[in-house]
Every structure is written in structure tokens, then in C-alpha cells.
Amino acid sequence: PLIFSVGFLVAKTPCFSSQGKIPPNATLIFEIELYAVSKGPRSVEAFTQIDMDSDRKLSRDEVTHYLKQEFERDGKKRDASVHASILADIFKKNDHDGDGFISAKEYNVYQHDEL
């Protein structure tokens, strides 16, 4: 596994850990172990899976269907208003031309802001 070390300064007030008090302005170093790498939600494969009619654009119905499948998969109960809110947010952030669809270009499988 890959291990990354990350350091940062703690706030100016003292903190506490299981080993006692951490002084102000101390540098903490964390080791983060990467367990798995998988294709993210913006992969070409994910777009193809959501695009049920293969027209190279995602409709509200297609995205709704996909979200319902994902919510069922994680087993958490969600109110219908949660679905509507998430759907509205997805289209607000991704439907740049306002045509009611998310095109492959708008979906942008090659550029991410997650990393």
C-alpha cells in the first residue's frame, strides 16, 4: 500500500490526544494508507451506465434512475425531497447551457476538482 505523510500546524489553542496535551503550534504528522483505487463517479463507464438511451446526454429521468439505484445500494432510507434536492444541485452545477440535459462535455469525464 501507498503511505503518505502530511504535516500541518495546529490552531493556536492547546489540543488533547489520547497521549495527553498537544502544545499550541505543534506540527502533527499523519500517515494515510491507501487501501484501494477505483473508478470515480465521473468515469466514462459511469456516464455510459447512466445514459440508458445512449444519446450521449443525461436527462433528469436518467440521473434520477441512477441516483435511486445508488441510494438503494447503500441501504439508507431517504425522503423524496432529498432526491429532488440532489437532482436540482447536480443539474445546477453541470447543465451549463441550461438545456435540461448534461452532455458528455458538461459531465466532463476528464477534468475533476476532487483532487
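Student: In this predicted model, over the face of which residue does Arg60 lie?

Tutor: The model is predicted, not experimental in origin. A charge counts as sitting over a ring if CZ of Arg is within 6 Å of the ring centre and within 35 degrees of the ring normal. Arg60 lies at 4.4 Å from the centre of the ring in question, which is that of Phe91.

Student: Over which ring does the charged end of Lys57 sit?

Tutor: For Lys, NZ is the atom that must be within 6 Å of the ring centre. The charged end of Lys57 is 4.3 Å from the centre of the ring over which it sits, that of Phe101.

Student: Which residues of α3 are buried?

Tutor: Helix α3 covers residues 80-94. To count as buried, a residue needs under 20% relative accessible area. In α3 the buried residues are His83, Leu87, Phe91 and Asn94.

Student: Within what arc do the buried residues of α3 fall, seen down the axis?

Tutor: The buried residues are His83, Leu87, Phe91 and Asn94. An α-helix has 3.6 residues a turn, so residues three or four places apart point the same way. The buried residues of α3 therefore line one face of the helix, within an arc of 85 degrees.

Student: What does the cover of the buried residues of α3 include?

Tutor: Both helices and strands contribute to this cover. The helices include α2 (60-74) and α4 (104-107), and the strands include β5 (57-58) and β6 (102-103).

Student: Why does His83 count as buried?

Tutor: His83 lies in helix α3. Leaving aside residues up to four places away in sequence, His83 touches Lys68, Phe71 and Arg78. His83 counts as buried because the limit is under 20% and its relative accessible area is 19%.

Student: What is the span of α3 from its first C-alpha to its last?

Tutor: Helix α3 has 15 residues. At 1.5 Å a residue, the expected value is 21 Å. The helix is close to this expectation, with a span of 21 Å.

Student: In what order do the elements of the chain run from the N terminus?

Tutor: The chain has 4 helices and 6 strands. From the N terminus on, the order is β-β-β-β-α-β-α-α-β-α.

Methods
Residues are numbered from 1 along each chain as its sequence is written. This is a predicted model: local features need pLDDT of at least 70, side-chain atom pairs count only at pLDDT 80 or more; totals for chains, interfaces and linings use all residues. Side-chain values use heavy atoms; hydrogens and water are left out. Helices (H or I, at least four residues) and strands (E, at least two) are DSSP runs, numbered from the N terminus. The expected span of a helix is 1.5 Å times one less than its number of residues. Buried means under 20% relative accessible area, exposed over 50%, partly exposed in between (1.4 Å probe, protein chains only). The arc is that of the directions from the helix axis to the C-beta atoms. Contact means heavy atoms within 4.5 Å.
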